[in-house]
Amino acid sequence: MSYDIVAAGTYLFEASLARIKADTAVDVVKLGHNFGLAHSGGLDGATYTDHTGSMGNPHYSDDGFQCFNPAKNFQLNWYNDAKITEDPRVQGYSKTLTLVGVGEYNYNIRGGNPVTVRLETGTGADYFVGFNRATGPNRLNDQGDNMVNIIQVNGNNGESYSQSFLRSLLSQGQSYAISNFGGTGKTVTITVNSINTSTSPGTAVVTISNNSTPSPTNPPTPNPTPAPVPPTLPPTPAPTSPPTPNPTPAPVPPNPPPTPAPTYPA
């Protein structure tokens, strides 16, 4: 092997190493693909423009302090004790949740507050809600800092490889409405009640509702009223027979006077 070949190989290795160092964020995307993650599209519908998470190619530098979006976090199973599924298709559904960001997951009481919430549509194209807290390992996030992010996947319920798209970024007091949610005809609204970044962990309180009236609870069925029982008649007294009179004795014929003795002439 000649010196020139060795030198050329060394140069290529050093050049590749330099590129790896310079494009750490790009390498995180490639690592995500190895984890089974697809790309993340933005509000414009393009494939790589969700810059709230690493799978949208937000950085071309060595700034690697950025996590994945709520849909990817759900798929990864890294936060199984802090991911939940809700079903807003249910009549009268309304729930208020306190979210924490993945950047402060270590401050969260395990299972106490979700970092990612899946909204079940009954199809593969589910929605995901998360608080994009810009701190810790997510401190160099590129979009939607300290906002509530709403993501939708194209399929597979967010459980395996699927392109996702950013649907909305919400600040405190803002809402996002999803019409005809899951083909139910209901409008599901996600409202951010409050965002607090002064605590550890920071929190976002959201209410998810389908704006419908709960199904009425049927009152208990009363026991059937028994048919009226006719009043009990007093017992019929046995007929009282009049006393039987003593029989009238048959009349005794009068005794005839005695026959006088015959008188003879003297």
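The structure is a predicted model, in which local features require pLDDT of at least 70 and side-chain atom pairs count only at pLDDT 80 or more, while totals for chains, interfaces and linings use all residues. Residues are numbered from 1 along each chain as its sequence is written, and side-chain values use heavy atoms, with hydrogens and water left out.

From the N terminus on, the elements follow the order α-α-β-α-β-β-β-β-β-β-β-β-β. Of the 266 residues, 38% count as buried, where buried means under 20% relative accessible area, exposed means over 50%, and partly exposed lies in between (1.4 Å probe, protein chains only). Among the contacts in the chain with a separation of 6 or more, 57% are between residues 24 or more positions apart; a contact requires heavy atoms within 4.5 Å.

Six strands form an open sheet in the order β1-β7-β6-β5-β4-β2, with mixed pairing. Its edge strands are β1 (40–41) and β2 (83–86), each of which pairs on one side only. Two strands are taken as paired if DSSP finds at least two bridges between them. In general, strands of a sheet pair through backbone hydrogen bonds, either parallel or antiparallel.

Within this sheet, strand β4 (residues 116–119) runs antiparallel to β5 and is joined to it by three bridges, with Arg118 having Phe128 as its bridge partner in β5. Strand β6 (residues 148–153) also pairs with β5 in the antiparallel sense, over five bridges, and Tyr127 stands opposite Gln152 in β6. Five of the five residues of β5 (residues 127–131) are buried, so this strand is largely enclosed by the rest of the structure. Both of its faces are covered, with Tyr127, Val129 and Phe131 buried on one side and Phe128 and Gly130 buried on the other.

In soluble globular proteins, nonpolar side chains tend to be buried together. A nonpolar core is here a set of buried Ala, Val, Leu, Ile, Met, Phe, Trp, Tyr and Cys residues joined through side-chain atoms within 4.5 Å. The largest such core has 20 residues, of which Leu119, Val129 and Ile190 touch the most other members. At least two residues of this core come from each of β3 (94–99), β4, β5, β6, β8 (175–178), β9 (188–196) and β10 (203–209). A second, separate core has seven residues, including Ala82, Val102, Tyr105 and Val115. When residues up to four places away in sequence are not counted, Leu119 touches Glu86, Pro88, Asp126, Tyr127, Val129, Phe181, Ile190 and Ile208.

Grid points are joined across faces, edges and corners, and a volume is the space filled by probe spheres set on the points. The whole structure has two cavities of 30 Å³ or more. The largest cavity holds about 90 Å³ of space. Its lining comprises 13 residues, with Phe68, Asn73, Val102, Phe131 and Asn132 nearest its centre; α3 (70–76) and β5 each supply at least two residues of that lining. By class, the lining of the largest cavity has five nonpolar, eight polar and no charged residues. Here Ala, Val, Leu, Ile, Met, Phe, Trp, Tyr, Cys and Pro count as nonpolar, Asp, Glu, Lys and Arg as charged, and the others, Gly among them, as polar.

A cis peptide bond, with omega about 5°, joins Ser200 and Pro201, and Pro201 is in the loop between β9 and β10. Asn77, in the loop between α3 and β2, has a positive phi of about 65° although it is not a glycine. At 43% relative accessibility, Asn77 counts as partly exposed.

How values were computed
Helices (H or I, at least four residues) and strands (E, at least two) are DSSP runs, numbered from the N terminus. On a 1 Å grid over the protein atoms alone, a cavity is a set of points where a 1.4 Å probe fits but cannot get out, and a pocket is an open set with protein on both sides within 12 Å along at least five of seven lines; lining residues have an atom within 4 Å of a point.
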